[in-house]
Amino acid sequence: AAGCTAIAVVARFPDDEDEEMLAAYRAGDGVDAIGGAEAIISHLITKELRLPCAHAPALPALGLEPGLAPRACAEELGHTFLPCVLANLARAPSLLDGSERPLPGDLWRDSLDALVVPADACGGAAVLALAASDTLVVGVEENTCAMAVSPERLGGGVVRVRSYMEAIGLLAAHKAGVNPACLTPTVAPIAGLEVPAEPGHGRSGRVSEEPGERSELGTAAN
């Protein structure tokens, strides 16, 4: 309809879901097969209609599970999750394709300073688009997934950390302009340290040790 700014979709899924897969997912170890189907539905609608879309699956009620994993708890509270979808779609941004006149507050790829993803989920469109840019891409090893695309398969551009707590520290250092290489027990000589790009700026370089030569760090600081 004319004037539509976002789309919410509810689809009924078959009741005969794989019992072993469902049990593993509820225990925090399995794959969310329905979540994968939801993502495909939402992405296709957004791609074709150029409108934000979110999907809410219609599922039958499940029996109580005492050993339910904390990450799966929210999905046990409702059978469509539609109220949550509607609440968040109300704040969904409009999508731009580059043909519109830029306005203050617009968010483009170059505006992203950092992206945090599971370390073995580096095959998504967002990571592929940002890995070769000035955006800091952080891969968290403790959050494993089934995609099995490691940072090494991209040829670099992703910083590995062990946990989300470590990722928070890395983001704080990045925001403060502190080179993460200086926060390890063994720090390389100053001539070998890479000077990271300043947040929001596509600037990086190496510290020079040649007498009388103005370093990239000094230029950026000025």
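Which residues make up the largest nonpolar core? Select Val117, Cys122, Val127, Leu130, Val137, Val149 and Val158: these seven residues form it. A nonpolar core here is a set of buried Ala, Val, Leu, Ile, Met, Phe, Trp, Tyr and Cys residues joined through side-chain atoms within 4.5 Å. Buried means under 20% relative accessible area, exposed over 50%, and partly exposed in between, with a 1.4 Å probe and protein chains only.

The model is predicted: local features need pLDDT of at least 70, side-chain atom pairs count only at pLDDT 80 or more, and totals for chains, interfaces and linings use all residues. Residues are numbered from 1 along each chain as its sequence is written, and side-chain values use heavy atoms, with hydrogens and water left out.

Next, select Cys122. Leaving aside neighbours within four places in sequence, Cys122 is in contact (heavy atoms within 4.5 Å) with residues including Val117, Met147, Pro151 and Leu154.

Move to Thr135, in the loop between helix H4 (125-130) and strand S4 (136-140). Helices (H or I, at least four residues) and strands (E, at least two) are DSSP runs, numbered from the N terminus. Thr135 is buried, at 7% relative accessible area. Not counting residues up to four places away in sequence, Thr135 touches Arg109, Leu112, Asp113, Ala114, Leu115 and Leu130.

Finish at Leu112, in the loop between helix H3 (82-89) and strand S3 (114-118). Leu112 is partly exposed, with a relative accessible area of 35%. Leu112 and Thr135 are 23 residues apart in sequence, and their C-alpha atoms are 6.2 Å apart.
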